[in-house]
Structure formats: C-alpha cells, structure tokens
Amino acid sequence: MFALLHRWIWQDKQRCARKLLDFAETEADGGRDLVRAAELTGDPTLRRLFTVHAMDEGRHAELFRARGADLLKSLERPSSSRLSMNWVSPGERGLDDLRVHDESDASLLAFLHLSEKTAAGHFAAYVAALEKDAATRAVFNQILKDESYHMNYTLAQLTRVAPQRHKALLWKARLSRLWKAYLRVMSAIAGVMGAIMLTLQYFILLPPFALLAKRAAAKEPPGWREIPPQQERSLKSQF
Ligand SMILES: [Fe+2]
Ligand SMILES: [Fe+2]
C-alpha cells in the first residue's frame, strides 16, 4: 500500500521537484550541523568522519537542488497539486534540530545512526517508486549508497566510543525521535485547528461589527459640518 502511495506522490513532476528542493534544504542543514559536531568533538577519528559526512550531505544537497531545478525547467505546464506530502515521504532529517553542543559524541552518534537508517529506508522506497523517472532515480541511488555508509559508520563508532552503553543510547535516541515526531504531529494539528478557529471567527464575529459600523456610518450626515464657536475653550484641550 505504501509502495502505491509513494508511486502516486512521486509521479507528479512539480511535486517531485518541490520535494527535491525541500530535501536539498534539510541535507544542507544536516551538513552544517555536522561541521559544528566536527568542531566540537575531541576525538580525532570522529572529527575526520564528521567532516567527510558533512561534505557528503553538502553534495546531496547539490544533487537534489540540481535535479529539482531541472525538473522545474522541464515542466510544460504547472500542475494543480500544491501538496508536498513530506509527512508521508520525508527526506533525511539529519540531526533534526538537535543542539549539537549539548550532546556527547556517543549520543550524537546514536541519533545520527537512527536518522541515517530511516533516511536509507525512505530513499530505497523512493528508488522503487521512481521507475518511470530514471534521472531522479539515479540521484536517489547515488545518495542511498552514502546514507548506507553513514548508517554503518555511525553504529561502528558508537560501539567503539560507548561499548557498554551503546544499546541504551540507541533506545534513548529512539524515544527522543518519537517525542519529536509526536510534537511535529501535534503542531500540525494545532496549525489546522488554528486556521479553522480563525476562519470561524472571521465569518461569525466580524459580520455583526461590520453591520454596526455600517449603521453608524449611515446616521452620519454627509460632507462638512459647521461646529458652533465655543467661548470658553479649555486650554488643556487640543481642539
Ligand atoms: Fe544525505
Ligand atoms: Fe546522511
């Protein structure tokens, strides 16, 4: 069922282009977080690996951006679809707004491992869904190889850095990701409810005020009015 849904989502060229441009943003954002992680770590192996990883994410951003732009240029006429459906088929989340400077090397690696694993799973599904678009499929295939490498090296390094605690850290990272997903869903629901409430307020509360203003305006005589001269005008008044 998900395969069919992904095929439907990716078949619209304009949506596909928009999604690739969104993915490019998150890849670039992830790359910047990894540069920061490389600056902060005291472990020389991790510094080198994080730097290479950051360069990979930067390259992914370029690949997605270039393919998204090509797709937009090739559009003969814009489609009516406005939905990106990123909540069903998201891109790589990277460090997902994690505060890099608040995390230890081990917790960062646990979070990265799960994020890369999820991204690799999603990108594999998109490769299968894009059977009619060889160029976009090739981009995902190329990126998928890197994501699999990121997934494996982060787990290997986590086991090296925290041999006793790596399973507990993975569970902690899983719960943290679950909490972030819950917050994302709740803020989306709050956004929809907010839009409904404001629309209702606009149509229910505003009309009576508009009516009263109209009636008050109708009572006002048109044009200039002569104001009777006042003999004793207060010196404190402006008029
Ligand atoms: Fe990536
Ligand atoms: Fe990655």
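Which residues do ring pairs link into a cluster? They are Trp10, Phe23, Phe64, Phe123, Tyr126 and Phe140. Please keep in mind that this is a predicted model, where local features need pLDDT of at least 70, side-chain atom pairs count only at pLDDT 80 or more, and totals for chains, interfaces and linings use all residues. Residues are numbered from 1 along each chain as its sequence is written, chains are lettered from A and ligands numbered from 1 in the order in which they are written, and side-chain values use heavy atoms, with hydrogens and water left out.

**Overall fold**
- The chain holds 7 helices and 0 strands, with helices (H or I, at least four residues) and strands (E, at least two) taken as DSSP runs numbered from the N terminus.
- In sequence order, the pattern reads α-α-α-α-α-α-α.
- The chain has a radius of gyration of 28 Å, whereas a compact globule of 239 residues would be near 18 Å; the value is taken over C-alpha atoms, and the globule rule is 2.2 Å times the number of residues to the power 0.38.
- The C-alpha trace spans about 95 × 50 × 30 Å along its principal axes.
- Of the contacts (heavy atoms within 4.5 Å) between residues at least 6 apart in sequence, 79% join residues at least 24 apart.

**Surface and charge**
- Of the 239 residues, 36% are buried; buried means under 20% relative accessible area, exposed over 50%, and partly exposed in between, using a 1.4 Å probe and protein chains only.
- You will find 35 positive and 27 negative side chains, and the centres of the two sets are 5 Å apart. Lys and Arg count as positive and Asp and Glu as negative, leaving out His and the chain ends, with each charge placed at NZ of Lys, CZ of Arg, CG of Asp or CD of Glu.

**Aromatic pairs**
- The whole structure contains 15 aromatic pairs, meaning rings of Phe, Tyr and Trp (its six-membered ring) with centres within 6.5 Å; planes under 30 degrees apart are stacked, over 60 edge-to-face and the rest tilted.
- Phenylalanine 123 and tyrosine 126 form a tilted pair, because their ring centres lie 6.0 Å apart and their planes are at 45 degrees.
- Both residues sit in helix H4 (residues 105–129), 3 residues apart, or about one turn of the helix.
- Phenylalanine 123 is buried at 0% relative accessibility, and tyrosine 126 is buried at 0% too.

**Around serine 176**
- Serine 176 belongs to helix H6 (residues 166–204) and is partly exposed, at 26% relative accessibility.
- Leucine 98 is 78 residues away from serine 176 along the chain, yet their C-alpha atoms are separated by 9.9 Å.
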